[in-house]
Structure formats: C-alpha cells, structure tokens
Amino acid sequence: MSLLRIDKIGKNFGGLRALDNVSFDLQSGEILAVIGPNGAGKTTLFNILTGFIKPDDGSALFQNQSLLGLKPHRICQRGLVRTFQIVKPFLELSVLENVIVAAFNRLRDPKEAAQKAEEVLSFVGLADKRRALANELNLPNRKRLELARALATEPTLLMLDEVMAGINPTETDNLIGLIREIHRGGKTILLIEHVMRGVMALSQRILVLNFGEKIAEGLPGEVIKNPMVVEAYLGEEYCVAQG
Amino acid sequence: MKRLYLILGLILAVLLALPGVLNNYWMEIFILIFFYAYLGQCWNILTGYTGNISLGHALYVGIGAYTATRLAMVFGLSPWLGMLVGGLFATGVGLVIGFLGFRFGLRGVYFVLITISFAEIGRLIALHLESLGSFMGLFIDFNPGFLNMQFRGNLPYYYISLGLLVFSLIVVRTLELSKTGRYLVAIREDEEAAESLGVNTLKYKMVAIGLSAFMTALGGTFDANRIFHLSPDRVMSMGLSIEIILRPIIGGMGTVLGPVVGSFLITLPAEWTRAFFSEMGRPGLHMVIYGFVLILAVFFFPRGIMPLLTRKLRPFFIKE
Amino acid sequence: MDPFLVLQLALQGFLMGGVYGLIALGLSLIFGVMKVINFAHGEMMVFAMFLSITLLLWGGLDPYLSLVIVAAVMFGVGYAVQRVFVNRILDLPEAMQVLVLVGLGIIFENGTLMIWGGSDLSPKTSLALSSFRWGPVTVDVPRLIAFILAIVITLLVLLFLKKTNIGKSIRAAADNRYGALIIGVHINRLYGICFGIGAACVGAAGALLVPLMPAKATMGAPYTMISFVIVILGGMGSLIGALIGGLIIGVAESLGTVFLPSSMKQVVSFTIMIVILLFKPQGLFGGRG
C-alpha cells in the first residue's frame, strides 16, 4: 500500500492550467524529489496536498484516506507536514517557543512539549540558540528552525519546499546530512528542490514537472538523461546541439 | 522568575493594605486604574494574543451591565449570578462576531470594522429600547448588601476591582503557559504557518474572542453596580471602546503586565489633566492634551512600554 | 405607505448621498494610497464646517463661495497632519496606527469644541430655506446645490488623479509603494498631498453642509463611520465606488427612516457594511479583495 497516492490531479487558475493529470505513488520510507523549471506547478501541488487550495480534478490519498477537503491543520494531525519555500518563523517568539508550538500537535502537556522541542532542537543543531528570537536568526538557521518545527509535529510524511534555496554549499551539505538522518529515522520525504546537488544526493526517485504536467518519473540516473527533461530545463536548442 | 513573582507579591500586598491610608478620592482613582486595567486585559486576550483588533469591546461591557441589571430589576436576581448570565450572553455575541469575522477570513482593518459595526448597532438598539431605559439608561436603586453587589463607600469596590484584576492576570498568565495560549500567539505571528503545524486557527480564535467577551462582560456588571447608573453612552460607546484599548496598547499588547502598566501610567495623568484643565473653564482642552499624549506615547513607545521595561529589567530578574 | 413619501425620502437621500460620496472619496483616497484608516475623518469635516461658518459670520461669505477657501485651508491642514503625524506611523503595527488616528480625531473634535464652544451653530445663509416643487416632490435648494457641487468636485478630483502627473504618481504609489520609491517619486510629499486632498474633500463637504444642518462640535463621529461604510460598500481604493456608494447609502439611510426612528438610521448603514464585509469584502468596485 502506498503511503501517498496522487491520481490525475488538476488545477486551474483562471485560464491557466497550473497542474494537469498529475499522478504518482509514494511508498513509505522513500525519498522522492519533485523537480522542474520555475512555474512548473510544484508548489501548487504542495499547496493542494496540504489543504491550502482545492484541486479541480483528481484525488489524493494519504494512508488510504482522502486528503481533499481537509483543512491544513487536520492534514498535519494526520501526519503530513510541509515547510515553506519562504520560511515562516514566528518572529517574535524564541526558537524554543517556535518548536514548542509544533510539538503540541501530538502532545497536550506544556512540559512534555518543551522537552520534545529541546530534543528536536538538539537534533537539528539549534540547541544553543534556543532562547534567541526567531527574527535574530540568519537564513540557514531559519531553515533549520523551519525543519525543526516540522519534525516536532511528528509527521509520517515530511514535505520540504525548496529547503536548500539561498544557502551556501557548506550549509547545503549540512542540510543534506540532516535530511539523510531524518530519513534514517523512518520518515518518508517528498522534496521540491532546485539545488541538483541535494536532489542527486538524497533522492531515490525523481518526478519531473513542466508546465503542470508530469514529463518524467524514475531513478535519478535515468531521469537526468531523459531528453524531455533536459529540454524542459535548458531549451530545445541545447538538445539539438547535443545531438 | 521567582524574584519577579516575589516583587509582584509585594506590590499586591501593598495594594491590599493601601486603603488604610487612602482617602475616598484616591480610592476612586485606584478603582479606575484596576477596572480599566481589567478591561484592557480582557481585550488583550483577543487582540494582544491573536492579533485581531477589536474596536467594539464596549459592546460586551454593555451586555454585562444591562443583562445583570435587568435581571435584578425584573427577577430580583443577584448581580453575582446576573453577572454570569451577562457573561454567557456576551460570549454568545462574541462568538457570532468571531464566527462571521473569522469564518469569512476577515483580517486587519476589515475585522476592526465589523467589531465597530456590531458595537454601534448594539448601542443604537440600547438607545431606543424602552426596557433598557433608552437614552437615559437605567438607574439602580441603592440597596446596599453583599447579595446586591452594592456597598457603601468605595472600600468594597476597591477590593472587588483589585480581585477582578488579579483574576485576569492569573487567567492570562495561565493561558500564556498553556497549549491554547501558545497556539494563540502562533496565530498572531503567522496564521498560515500555525495552520500548517496543526493549529486549528478558527477554533482557537473563537476561544479567544469568547473568553475575552465573557470576562469583559463581568466588568460591565461591576461597573453598573458601582455607579448605580448605566446608559448607552457610558457602557456601550465608542469612547469606552477606545479607553479599553489604550492601556494595553501603550503598556504593551500580548504581555501579561502590559495592561496594568499602561493603566497605572495613563489613568492618573488623565484624571489630573481632566481635573486641572476643567477648572480652567476651557471645555475640551484636557481632551486635546489627552489626544496629543496618546500620539506621543505611540511615537516614543511604538511597541508599548513593556518591551522596554522587559529589556531593562530582564537581567535583574532572570538568571541565564 | 405613501409612495410619494418614499419618493421624497429617496430623493433627499440621493441628494445627501452626493455629499456623502465626496466625504468618502477623501477617505478612500487616503486609505487606498496609505493603507491607513483615517479615524479623524468626520471630525476634520466638522472642523471645516465651523471654519466655513466663521467665514460667513465674519466676512459675510456664503458657504458656497467660501467653499474654495475652506478646502484650501483644509488641504494645508491635511498636508501638515500627514507630514507631522501620519507619516511616522505608516510602518507601525496596525493597533498603533489606530491609536494615533483616534488621537487625531480627539484633537480635532475637542479643538473645535475649544475654539467654538459646545452649542449648535446654525447661521442663516442666503438659500437656507428655499425649495421648489418638482412634480410630486419638494426639492430643497441647498440640498440640490450641495449635491451638484459635490458631484462637480468629485469629478474634478477624479480628473486630477487621472490626468495630471501628480495624480498619476499618487495612483502609482497606491499600487506599489516601493516601486514608486525606486523610480524616484518623492513619496513623503506625495502622501502629504494625498492626505491634503482627502482633507480638502471633507473641507468642501463641510462647507456644503452648513446650510443644511446645525453645526455641533461633537457631530463628527457618525460621519467618520458613514464614510467607512461607503468605502467598504464601494470598494477600498475605488474612487468611483466612493461616489456610487455614497449615493446608495444616502438613499438607504433615508429610506430606513420609514421603518426606524430617525436616530437609528445608522443601523441600516452598519448592517449593509456587515453584509458586504461577509459576502463581497472587496465591495462593488474594489479590485483586490
């Protein structure tokens, strides 16, 4: 049984067909990367899966139950959590408080939530910044905070939206290591990513979207050689030039 | 933190003992300080902690005042019980306003306008209902006795208002440390992020407005039984709504002590300016000054006073 | 119910609606450009009313003439208020903005009180009591003139904003503050002018109202409220919406007096606002929701 089963999802924004006939399965314990040029519909897909927008066609099953029509907080309670492309920390709260909020997804008691938050912060390497206000953090740390919050909700499926954007290679490697560890801990991961280094290092399978349609799916090695994929990223002329 | 509680406990002890040395005038001042701090704190629960600004909180004050008073007049119900009924009624109204506002996704200025609308409609209704005394309002017969929530002299009112204030402080502090309170603050900071992390934002905003409305209404009953008179102008006006929001905004929204600090800082000078300039026989002058002071307060303390105080006093109270 | 009464009321409301539209125009401009709710709007209008009355009592100047002077003075006042007070709060949290504008409202209202006292002033003007019959209804001349002038002024303002360079800059700044800054627009001056125009609108409206009703220092608040309702109905930032909304509200309020006591007619306006906020928050003509 697939953890996540997406079937013929479609979405229109006015006259624009943002997503068309997108289907795929995600098995428990996998890392699947969704790539594609800007505007391909990746974040729209995330928004649909997390309940922020409704699709016009198709179905989405998580653990065999439909996700559609559920509010985002219910989806998170079911075990599906996402991070945002442009991070959204609770700015006036401390790092610890940020994560405590997330920890309450599964816990009721403030003390337990605080404890869980401390553990997660240690895991991502922000323990020493626990009392800093979120608005004092630099971008790489804000990304870690975003990740920590998502983890504290104890998800089954973690959806990361361009978590490696805007950070330097060293930080990218740190993040890659962190995500690997999360995966080793048993989480299933769905990544939207532009940074190919991360995509190649982490993903077991890749899904490619272009203009809202799935144009390729498969093992990393195959996908990047797929001419349609190359064309989507680099344009037809490049393909022709390659021969 | 323990040091802070100690100091606060000391201040409380002083306030409890204060009536021994205060004359009637000063007791009245303190009652006003406590009362407006209480109302401001109730408002704080909604606005300071979820970020949705209400400019119509006087509506709940009025509901509390009118409900308890009418129940006492018609059924002889003790205001202590009438207070609770008024509170429930206010909660109902608050939930309706909240539902309309939150369900339809009204934020910011749109939400403010809806709170103003309901408050004004409430005031206009009260202004015209015979049973509520129309524009003259209701006059309460003076029958002192504990059951009637009426007392001779200011002393009992002093302790009741102080009690209400302490009660509100406890409620807000407890809220701050709880799951609910933390969810409210998350909603204020970034509602979308909160929602994506499992927070049922609609439910919690409703909890905030319901609780805020309930507690505010209790204050309305208290006020009615202290002044023995209530009219739409006194207990349901926009002027009152503005007075309610002043102290927490200047003191610091979203903090436990903000409304209290704000009340101490504003109420006293406000009374003095009023008394002083009214003497001079120029109607309106003291209000003009009031307006300027408000504006200056915002210029100098754009986040309220508490953040400044916290920064200055933090090393004294908290050992890292 | 007498159909002629309804017609009469509707007409009176419609004419008054022209003035309402002018007042709301000012608010819509201020809100559309600076994203600030001017809680002092009605109070500024009342101040202008008293200015107009003073010019009448001292200089014998009829309000329809002193209109221009009052509008000019109010422009200056508005510009100053914006540069000194409002500019500082544009980046502050909303609650703080509310407090400052409310403070300004208090200052205007009580300033008016201080200068002119608390009693009603209703000086005689040349046309105050004249009226004529038009078929089944009676038309108040001052009301008609107020309506015509209000519409003319509204159209002038709209023309100004559409055709002149300053007007276009204002509209640009409304759309995109940072964009405007980048292309070198003097944003502070622009905001000042914008607020000034808004103030001039209520200034003119105030002068127009002098022949119609007694002036009282504390009468400002309902006008602030009404302009909110109209701006929401018409759509925040839509200037045509302010005009049309004004007419609608004018008629609605007037017809409301058929069912409700006259001092409760605001209930109609507020109910309309609630309904609009719930079902079409961008208003009739508003673009972005």
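Helices (H or I, at least four residues) and strands (E, at least two) are DSSP runs, numbered from the N terminus, and two strands pair if DSSP finds at least two bridges between them. The views below show a predicted model, in which local features need pLDDT of at least 70 and side-chain atom pairs count only at pLDDT 80 or more, whereas totals for chains, interfaces and linings use all residues. Residues are numbered from 1 along each chain as its sequence is written, and chains are lettered from A and ligands numbered from 1 in the order in which they are written.

**Figure 1. An open antiparallel sheet in chain A.** In chain A, 4 strands are arranged in the order β2-β1-β4-β5, with antiparallel pairing. At the edges are β2 (16-26) and β5 (65-66) of chain A, each of which pairs on one side only. Strand β1 (residues 4-13) and strand β4 (residues 57-62) of chain A run antiparallel and are joined by 5 bridges. Helix α1 (residues 42-49) of chain A lies across β1, β2 and β4 of chain A, at about 65 degrees to β2(A). Axes are lines fitted to C-alpha atoms, for helices over the stretch in contact, and angles run from 0 to 180 degrees between N-to-C directions.

Figure 2. Strand β3 (residues 31-35) of chain A is mostly covered, with 5 of its 5 residues buried. A residue is buried if 20 or more other C-beta atoms lie within 10 Å of its own, exposed if 12 or fewer, and partly exposed in between, the C-beta atoms being placed from the backbone. In a regular strand the side chains alternate between the two faces of the sheet. From β3(A), Ile31(A), Ala33(A) and Ile35(A) point one way, while Leu32(A) and Val34(A) point the other way. Strand β8 (residues 188-192) of chain A runs parallel to β3(A) and is joined to β3(A) by 4 bridges. Strand β9 (residues 205-210) of chain A also pairs with β3(A) in the parallel sense, over 4 bridges. Ala33(A) stands opposite Leu191(A) in β8(A), and its bridge partner in β9(A) is Ile206(A).

**Figure 3. The contact between chains A and B.** Here 22 residues of chain A are in contact with 18 residues of chain B; two residues are in contact if their C-beta atoms, placed from the backbone, lie within 7 Å. On the chain A side, the elements giving two or more residues are α2 (72-78), β6 (80-82) and α3 (95-103). The most comes from α2(A), with 4 residues. This side of chain A divides into 12 nonpolar, 5 polar and 5 charged residues. In this division Ala, Val, Leu, Ile, Met, Phe, Trp, Tyr, Cys and Pro count as nonpolar, Asp, Glu, Lys and Arg as charged, and the others, Gly among them, as polar.

**Figure 4. The contact between chains B and C.** Chain C contributes 35 residues and chain B 34 residues. The elements that give two or more residues to the chain C side are α3 (63-89), α4 (94-116), α9 (220-234) and α11 (266-279) of chain C. Of these elements, α4(C) gives the most, with 15 residues. The chain C side divides into 28 nonpolar, 5 polar and 2 charged residues. Of the 2 pairs of chains in contact, chains B and C share the most contacts. No contact joins chains A and C, whose closest C-alpha atoms lie 13 Å apart.

**Figure 5. Helices α1 and α8 of chain C.** Helix α1 (residues 3-34) and helix α8 (residues 187-209) of chain C pack at an angle of about 170 degrees, with their axes 8 Å apart. The two helices are therefore roughly antiparallel; angles under 35 degrees count as roughly parallel, over 145 as roughly antiparallel, 65 to 115 as roughly perpendicular and the rest as oblique. The residues making the contact include Leu22(C) and Ile30(C) of α1(C) and Phe195(C) and Val202(C) of α8(C). The contact residues divide into 20 nonpolar, 2 polar and no charged.

**Figure 6. The surroundings of Leu15 in chain C.** Leu15(C) is placed in helix α1 of chain C. This residue counts as buried because it has 24 C-beta neighbours inside 10 Å. Not counting residues up to four places away in sequence, Leu15(C) touches Arg143(C), Leu144(C), Ala146(C) and Phe147(C).
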